[in-house]
Amino acid sequence: MNLDIAGRKAMVCGASQGIGRACAELLAKEGAKLVLVARNEAKLAATADAIRAEYGVDVDIVAADLARQEGRAHVLAYCNDPDILIHNGGWPETDGDFREWTHANWQQALDAMMLAPIELITGVVEGMASRKFGRIVAITSRFVKEPQLELSLSVCPRLGLTGFMSGLAREMAPHNVTLNTALPGIIATDTQYQYGRDLAAASGKSFEEIWKERSSTNAAKRFAEPSEFASLCAYLCSAQAGFITGQNILCDGGGYPGTF
Ligand SMILES: NC(=O)c1ccc[n+]([C@@H]2O[C@H](COP(=O)([O-])OP(=O)(O)OC[C@H]3O[C@@H](n4cnc5c(N)ncnc54)[C@H](OP(=O)(O)O)[C@@H]3O)[C@@H](O)[C@H]2O)c1
């Protein structure tokens, strides 16, 4: 299926590796021009080189920390006219017992997962509306649909973002600007492999045992490849997806037990 986005400008955040990079590659394959954002400039430049070489599209990079207001301002000063925005990237710097979380922990989490996408969206959405095309996708988490107390630093900001996008989606729908969130289950990114190795080291189990245990948390009994999840995001960015807005769509191998 041709997504009909050749020549469109796509800003992809958290694009140097994992899910974000997989999204950037699929959009490049469709002929979109890219602006890639992450903190580590060298890694971002290497990703951009690889995508240019493979797909022959224009790829710009902006190194910035989206968890900081200055970082967001830097990104918007560099590019405030994308046709497509994929927000992806940060997560909490701590987890564990909510009784021990400080105001600074909550502020970091809100900055990384709620204020970052809200400020980027606010900076680009009016331009999208005036050009009569916009596709905004925020990557959140399956835990938005099945919150767990110990993950509240992730879940709460992401639920706040979900509420904002839901409201804005209705206002923007007449202008062919859509806003949706995509909710990953377990996706086999480098970060997940490292997390598996860390759990193995801490528990005395083998990496293979840990990976199998974690795979069994969904009906498909496996992790998804980043490209499988990115395919959902790419479709939501397509011209054809203009009638899908204000939705929160799981890609979790049947892990969520409910119908809706
Ligand atoms: N993989 C999964 O199974 C899974 C499941 C549920 C939810 N998620 C969520 O999906 C997102 C992506 O996951 P992933 O596994 O693909 O992660 P990843 O492989 O670690 O990639 C994260 C990307 O985001 C960038 N990034 C992180 N913090 C940033 C910041 N403050 N400002 C700008 N860029 C930042 C990283 O580059 P730099 O470090 O250079 O900035 C990197 O490019 C995360 O938000 C994660 O919580 C993932």
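Predicted model: local features only at pLDDT ≥ 70, side-chain atom pairs only at ≥ 80, totals over all residues.
**Exercise 1. The ligand shell**

Find out where the ligand lies relative to domain 1 and domain 2.

*Solution.* Start with the residues around the ligand: there are 29 of them, and Gly14, Gly18, Arg39, Asn40 and Thr189 are the closest. Next, look for the elements that supply two or more residues to this shell; these are α1 (18-29), β2 (33-38) and α6 (190-203). Finally, turn to the domains: domain 1 (9-187 + 225-248) and domain 2 (188-223) each contribute to the shell, so the ligand lies between them.

**Exercise 2. The span of α6**

Check whether the span of α6 agrees with its number of residues.

*Solution.* Helix α6 has 14 residues. The expected span is 1.5 Å times one less than that number, which gives 20 Å for α6. Now compare this with the model: the end C-alpha atoms of α6 are 20 Å apart, so the two values agree.

**Exercise 3. Two helix pairs**

Classify how α3 packs on α4, and then how α1 lies relative to α2.

*Solution.* Take α3 (residues 69-78) and α4 (residues 103-131) to begin with: their axes are 10 Å apart and the packing angle is about 25°. Angles under 35 degrees count as roughly parallel, so α3 and α4 are roughly parallel to each other. The crossing of α3 and α4 is right-handed.

Now try α1 and α2 (residues 41-55), whose axes cross at roughly 25° and come within 10 Å. That angle makes α1 roughly parallel to α2. Their crossing is right-handed.

Notes:
Residues numbered from 1 in each chain as written. Near = placed C-beta within 6 Å. Helix = DSSP H or I, 4+ residues; strand = E, 2+ residues; numbered from the N terminus. Domains from an automatic or database assignment. Axes fitted to C-alpha atoms, helices over the stretch in contact; angles between N-to-C directions. Parallel < 35°, antiparallel > 145°, perpendicular 65-115°, else oblique. Left-handed = near helix turned anticlockwise from the far one by under 90°.
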